[in-house]
Amino acid sequence: MTSAHPPLAPGRELSNPPTDGISNLRFSNHSDHLLVSSWDKTVRLYDASADSLRGEFMHGGPVLDCCFHDDSSGFSATADNTVRRIVFSHGKEDILGRHDAPVRCIEYSYVAGQVITGSWDKTLKCWDPRGASGQERTLVGTYPQPERVYSLSLVGNRLVVATAGRQVNVYDLRNMSQPEQRRESSLKYQTRCVRCYPNGTGYALSSVEGRVAMEFFDLSEASQAKNYGTFATGGCDGFVNVWDGNNKKRLYQYSKYPTSIAALSFSRDGRLLAVASSYTFEEGEKPHEPDAIFVRSVNEIEVKPKPKVYPNPPA
Amino acid sequence: MSTQRIDPLVQVETTCRALLNELQIIWEEVGETYADRDEMLLELERECVEVYRRKVDQANHSKAHIRQTIADSEAELAAICSAMGERPVHIRQSDQNIGSLKEELRKILSQVEEMKKRKEERRNHFIDVLDQIEMIRNEINGSTESVSSETVVDETETDLSLMRLEELHRQLHELLKEKSNRLKQVQDHLNTLNSLCSVMGMDFKLTATEVHPSLGDSEGSRSISNNTLEQLGTEINKLREVKIQRMERLQDLATTMLELWNLMDTPIEEQQKFQNVTCNVAASEHEITEPNTLSDDFINYVEEEVSRLEDLKSSKMKEIILKKRAELKEISTKTHLIPDTQLEDAIEAIDSGVVDAATILEQIELQIAKVKEEAFSRKEILEKVEKWLAACEEESWLEEYNRDENRYNAGRGTHLTLKRAEKARSLVNKLPGRVEALTSKIMAWEEERGSEFLYDGTPVLSMLEDYANLREEKEQERRRLRDQKRLQGQLIAEQEVLYGAKQSPPKPQSAKKGSKQCTGVPSTKKVALGGPMLQAHKLDSVNSLRISQTRSNKKTEFMLQNDAIPASPAFNRGQDIADAPFRKHPSNGVNTNEIESQLKTIPTNDPSNNTMTPLKTISSVDEENRKPKAMHSTASVQMQTDITPPPTLQTSLVEETHEEMEQSFEEKRLALMHSDKQIPSMIQV
């Protein structure tokens, strides 16, 4: 598929990228700092607009996920089964806790003040980072999942967990004793990633086949077409697409990145998009382009939904 | 008496006296009485008076006569004057004595004479004018009869006045004007007629004469009668209509010609020849004035040209149609659609003229557009179908290959076939998933389009179904055989436990690796996809198991346990086998470069080495959940000397596709990382 737009530079490439695959990258909610976790066992902190590496934090194994707490600290999930907190200014990290298998995803919930991790040991754990370090003090709870956790996402009080076997659990953070909803992915293939809509009405689910399903928490809201917004997806084909969920149309496609898109993150004001171009091993071991991070400016025109010719029929 | 030259009257008088003297003498002679003499003298006197009276009467008469004549003449004069509308010049002036009567008479008579003359003149004038009027009227009326001038003249008797004359003159003048108008009209008409005739190539003289003989003659006087004018007008209108008709016809022809030129890109030189035609294509009737531009001959000439152009167009269209037909065929075959026979027949029928070339062209265009659209919508699925077909070919090649007992022999191109076999295996592994995806795609497409997806005429879904069924059969066959072997193996294993190891059972024909296997080296076994291979594999794995069993009896139970585990015991063995080379054969290291997509292959470097044969461990996307823990634990139990167990090596056999384990990319990557770490450590050991 070629974009109809003239090829733009895929963005500014950040210097000092990780030396091995990038597992995830996130923009901070407070600045243009970018936190990047990598298979080279490091977590790096960049200032994306200044293109400078602010910090590099070594771990005991490949880091599979990372997230910000605030501009002074963040959290990481590692394949050596540990959950760590990283304090940027001090350049050190300490272990919040452990799982029984590699920790795959990590999120920080501002409303609950807790760190939430999902692991291949088929559990979800919640941690309180304010407590003293040590698993006994910080662990708030362990919640078994039907299968290994592959992805999770938060919005408001809701937590969506996607596991192997295409299971999806939706939790209310205020009552984690059991899931609010137990669902199965409507896609046929292994779930790759789940992300909640910022407006809290539902979540988007993607599969290794390359499809995205738009789901709603409340089925009555599903009928309202105006709940979709625009979102970006990155695939193993190296393309980043921006979609209008409302019209189910692609708004824009950025020019091809050197290799698979491992992660995407929009900055807090939506002006910047960080793209991790890093082979994700979907085809096993094979020679691949070097891992790189591109930061590009986002034109409003690329992400704004195109107005419909005819108005929506009344819901 | 003496003759004297004396006044006659004196003479007469003298005579009278003489006579009287004589008479007196006589009487004296006679002696007449004085009474008698007096009487005789009285009588004589009386007789003289009588005579005098007679003379006076005569004179009076003549005077009266003259007077009468004068009066008559005066009356006549008055009459004439009144007739001529003039006041009588001479008014009788009875008071004045202008002269004697005779003079008066003379005057009057002369006046009368003059008036008469004038009257005559006037009369002539009138006649003249009236004649002319008459003539012109006749000309105008077109009648040849002439009103006799006498009657006209009769009219004139009563009124010869100047007024009337003037009036008549005026009439004449008008008539003359009318005549000249008409003449002009006629001339105009004739001009028009001339121009019409010249434009249309008709004979003007002939046409003009048809209307009226006088019109053909350019010199003689022309008829100006109402009839003529009318006929002229009619003729002109008629001709004008003909002109318009011809003009329209010519313009139609010109338009057609322009269209045809446009259609066929006619060169300019050819077009120039007909410049005079096409320049008039939008002209109105009065603009066309050149001679012979609308003649029959010319129009025929243009018609011929147009007909020639149309023939040219037909033949060109036919060319185009044939070309399009070829195009349609090409697109159809490329996208494996069967071309529409109806259209084919229609094309054949062009020559017969039954079907119109233009409609056929249209139909072909539509058909081409339709086929293109259909091709486009089929594109994606078609690609997949072709891939699938290619994969099927590879699959059957692979089966052939696997039956080939010489395939591991070193020789030219062996490595290529090995590579091809690897690729084929991976392809075949992906097949079920692909088939399912393809099936669902096709079903969706069929639902959307409302028609079957055909490939060269056969519905693809049925092809897929057949293939699936075939596969299923093969699977079942394989399974059956495998179970058989397993039971056999179990039996033998039990027996071994009781009775000690026996010689390895005879290998199945299909596996030529027997010799290799029996070297006692736990060579890694091919986890192949071909049906027969699996048997061999099973057996081989059994062999190797037994071999390892002999080394460590403890494992027996474990092995059996493995067998008991419903989920791919062979898988476990595979795992086991995988471990074996790691443990035993540090050399001939794993050639990780050749690990292919979705497959983990640790290929043989040297088949003749008998040390390692490729271990193919396969995973597919379409996997169900599987409990890895069992595998993990078996692995860890197995690898007693290992530090960390190699995590899931994505091992599974194709025969148990629905029992394979799902793994995310990260899990695979991590596993690979660990296994990479393993090998160096192994080598060190």
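Visitor: What makes B:Y401 count as buried?

Guide: In this predicted model, B:Y401 has a relative accessible area of 6%. Buried means under 20%, so B:Y401 is buried.

Visitor: Why is the pair of B:W397 and B:Y401 called stacked?

Guide: The ring centres of B:W397 and B:Y401 lie 5.0 Å apart, with the planes at 15°. Pairing needs centres within 6.5 Å, and stacked needs planes under 30 degrees apart. The pair of B:W397 and B:Y401 is therefore stacked.

Visitor: How are B:W397 and B:Y401 placed along helix α13 of chain B?

Guide: They are four residues apart in that helix, which means a separation of about one helical turn.

Visitor: Which charged end sits over the ring of B:W397, and how do you know?

Guide: That of B:R420, 4.1 Å from the ring centre. The distance limit is 6 Å, and the charge must also be within 35 degrees of the ring normal. The charged end of B:R37 likewise sits over a ring, that of B:Y34, at 4.4 Å from its centre.

Visitor: Why is the pair of B:W388 and B:Y467 called edge-to-face?

Guide: Over all chains there are 14 aromatic pairs. In the pair of B:W388 and B:Y467, the centres are 5.4 Å apart and the planes stand at 85°. Planes over 60 degrees apart count as edge-to-face, so this is the term for B:W388 and B:Y467.

Visitor: What makes this a link between distant parts of the chain?

Guide: B:W388 belongs to helix α13 (residues 357–403) of chain B and B:Y467 to helix α15 (residues 460–499) of chain B, and the two are 79 residues apart.

Visitor: Are B:W388 and B:Y467 buried or exposed?

Guide: B:W388 has 4% relative accessibility and counts as buried. B:Y467, at 11%, is buried as well. Both values are set against the limit of under 20%. In chain B, buried residues make up 41% of the 685 residues.

Visitor: Turning to chain A, what makes β1 and β24 edge strands?

Guide: The open sheet has four strands in the order β1-β26-β25-β24, with antiparallel pairing. In chain A, β1 (12–13) and β24 (261–266) each have a single partner strand, so one side of each is left without a neighbour in the sheet.

Visitor: How do you know that β25 and β26 of chain A pair?

Guide: Six bridges join β25 (residues 272–277) to β26 (residues 292–297) in chain A.

Notes
Residues numbered from 1 in each chain as written. Chains lettered and ligands numbered in written order. Predicted model: local features only at pLDDT ≥ 70, side-chain atom pairs only at ≥ 80, totals over all residues. Heavy atoms only, no water. Pairing = 2+ DSSP bridges. Phe/Tyr/Trp six-rings, centres within 6.5 Å; stacked < 30°, edge-to-face > 60°. Buried < 20%, exposed > 50% of the residue type's maximum accessible area, 1.4 Å probe, protein only.
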